[in-house]
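Notebook open. I want to look up how the chains meet, then how one of them is divided.

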Amino acid sequence: MNNNIRFYLTIPLVALLGLVQSTLFSELRIFDVSPDLVLVAATTWVLIRDQPEGLLAAVVGGAVVAALSGGPRLLIVLIFCGCSILVGYAHRHLPQMAGIIPYLSIIAVTLIYKGLLIFWLQTTGKTVYIPGLIIQNVIPAVLLNLLLVVITYHLGVWIDKRFGPPTVDWQ
Amino acid sequence: MKGSRVHVLVLVIVLCLVLAWLILDSLTPSNPIKNAVSQVASPIQYALRWLGTPFRALAQGVENINKLGEENETLRKENSELRNQIILLQEAQLENEILRKELSFKSSVPSYQLLSAEVIGRDPSEFFKYLIIDRGKDDGVRVGLPVITADGLVGRISEVGPVSSKVMLVTDSSSSVSTLVQRSRATGMTQGYPGQGLIMRYIPQSASVEVGDIVLTSGLGGGFPMRLVVGQVAEVTEQDVAMFKDARVIPAVNFTSLESVMVMLSFQEQSVEPLAEPTPE
């Protein structure tokens, strides 16, 4: 597939994933939480396709999640972009950890995302029961996202090999 | 190289569009980007929700199959109790109406025009409790209208698009509803409490609140009509040194399985103006 077409396809695909998260995935509740499909997809995207495609996925994903959410829109978009830059940087600079980077990334990204939203709730004067949120929401979400990244990352790598640009392997 | 430069340019354009949307959103309640996106997204959300219906039904069926026998027995008992209660309540209502007429009181239960709506999406973030419904400005929906189900209060409209709207649930951390305890008439403020569900605060220390008490909207503040069921008290927290006591409330509505709601179209929100500064004589 043409490199440009693949790049532009990122926008509708990630937007569609956002809608899937707010409809189908919101009903799929395991441990009483739904997986953060868009966050996982944006993280996987940057690991497989690097920048700027990864950042594009993060901007579109963040904007879709922000549009469908009642939370702080700018903060959500910024968290998505920040996480994408961070994961991209780690992926480029830690090649010796390539095997575990997807799993470490998703744990870090989920903790950053949830942690900053809890911090925002607290700083804006909302009543928040933090231990309850950590036990009922953050820990299950980390586990669920970790499980989801195993599927999305390997599926993404497979799709990228089939439809991505030809790669040159050193003999 | 050329392709890469174009990609960066596209990324910058997308970033600028997102920024423009965020700025417009903070300046005007109905920004054109949001309206356009909502018009494109709503049918897709509707279709995705429809696609998920068989899976949802299957999951619910499997979940319910074990409980059916037990539930059936409980419902039978409850049904006969409720029949008796209905008869008594009808009598009381009739008597109430006659007495109100005699005293020339305004009806305490005004009839509201209800608009049914389907839930087509939910907040993708777990910390914010919002629903997206398939009714918008074109159907007469406006910001602030209460949203209910047969079980009780769901929340209020927080954003309106042309064909869809966002509902802030009572369990959201920004939600605050004036409520009272049905049995003792103790008033308080029920707020969304992430991690705990709902919490009724500012209940006077002297007021009586017990586990199992029903919590209703009080109508104070004019944001919601009176006597909508909010939930049931699950736990009461009181400290000798505190001025007020708190109660944890279990919502009457099961928000996770909510598929359709009703918008109270004819409700007129009464905003309470702050008191004027006293002028020195």
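I looked up the salt bridge first: the side chains of Glu159(B) and Arg73(A) meet in one, at 2.9 Å, N to O. The rule I used asks for a side-chain nitrogen of Lys or Arg within 4 Å of a carboxyl oxygen of Asp or Glu. Between chain A and chain B the count is one salt bridge.

This is a predicted model, so I noted the limits: local features need pLDDT of at least 70, side-chain atom pairs count only at pLDDT 80 or more, and totals for chains, interfaces and linings use all residues. Residues are numbered from 1 along each chain as its sequence is written, chains are lettered from A in the order in which they are written, and side-chain values use heavy atoms, with hydrogens and water left out.

Next, the extent of the contact (heavy atoms within 4.5 Å). Chain A brings 51 residues and chain B brings 44 residues. I read a buried area of about 4000 Å², with 68% from carbon and sulfur atoms. That area is the accessible area (1.4 Å probe) that two parts lose on being put together, summed over both. Glu27(A), Arg73(A) and Thr127(A) supply 16% of what chain A buries against chain B, more than any other three residues.

Last, I checked the domains of chain B, whose bounds come from an automatic or database domain assignment. Chain B has domain 1 (13-64), domain 2 (75-103) and domain 3 (111-266). I noted 26 Å between the C-alpha centres of domain 2 of chain B and domain 3 of chain B.
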